[in-house]
Amino acid sequence: MFERLIRNQDRHAKLMGEMMRRFGALEGDALSMNDAFALEGAARRCMGCRSLEECEHWMATTSGTEGADAFCPNVRLFADLAA
């Protein structure tokens with residue numbers, strides 16, 4: 001499992017950044033300490049996610065956020081950060 005994490009870490013990081021961008025979670029004021037801790041947890045969830053290929057396909061074939069909740073464990077957090 002550790003090898004898989006190392007091998008795919010760049011892919012996960014890129015997808016998480018793009019997902020946050022799509023939700024608007026990267027816009028706005030500085031993050032609170034609670035938000036920073038929540039993003040740390042989100043990064044761990046993303047790195048351990050087994051929906052990597054599904055996420056990449058979704059990113060390549062969509063432009064919005066609809067349908068992300070079917071596979072992404074961080075959708076609620078990203079939506080909350082954008083609100």
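**Exercise 1.** Determine how closely the side chains of glutamate 40 and arginine 44 approach each other, and where the two residues lie.

*Solution.* Step 1: glutamate 40 and arginine 44 form a salt bridge, with 3.5 Å between the closest N and O atoms; the term requires a side-chain nitrogen of Lys or Arg within 4 Å of a carboxyl oxygen of Asp or Glu. The model is predicted: local features need pLDDT of at least 70, side-chain atom pairs count only at pLDDT 80 or more, and totals for chains, interfaces and linings use all residues. Residues are numbered from 1 along each chain as its sequence is written, and side-chain values use heavy atoms, with hydrogens and water left out.

Step 2: both residues belong to helix α2 (residues 33–48), where they are four residues apart, about one turn of the helix. Helices are DSSP runs (H or I, at least four residues), numbered from the N terminus.

Step 3: glutamate 40 is partly exposed at 44% relative accessibility, whereas arginine 44 is exposed at 56%. The classes are buried (under 20% relative accessible area), exposed (over 50%) and partly exposed in between, for a 1.4 Å probe and protein chains only.

**Exercise 2.** Describe the salt bridge between arginine 22 and glutamate 18.

*Solution.* Step 1: the N to O distance for this pair is 3.2 Å. Step 2: arginine 22 and glutamate 18 are four residues apart in helix α1, about one helical turn. An α-helix has 3.6 residues a turn, so residues three or four places apart point the same way. Step 3: arginine 22 is buried, at 15% relative accessible area, and glutamate 18 is partly exposed, at 23%.

**Exercise 3.** Identify which parts of the chain are tied together by the salt bridge between arginine 11 and glutamate 56.

*Solution.* Step 1: the closest N and O atoms of arginine 11 and glutamate 56 are 2.6 Å apart. Step 2: arginine 11 lies in helix α1 (residues 2–23) and glutamate 56 in helix α3, so the pair ties together parts 45 residues apart in sequence. Step 3: arginine 11 is partly exposed at 29%, and glutamate 56 is partly exposed at 27%.

**Exercise 4.** Assign the buried and exposed residues of helix α3 to its faces.

*Solution.* Step 1: in α3 (residues 52–61), the buried residues are Leu52, Cys55, Trp58 and Met59. Step 2: viewed down the helix axis, these buried residues fall within an arc of 130°, so they line one face of α3; the arc is taken from the directions from the helix axis to the C-beta atoms. Step 3: the face turned away from the buried side carries the exposed residues His57, Ala60 and Thr61.
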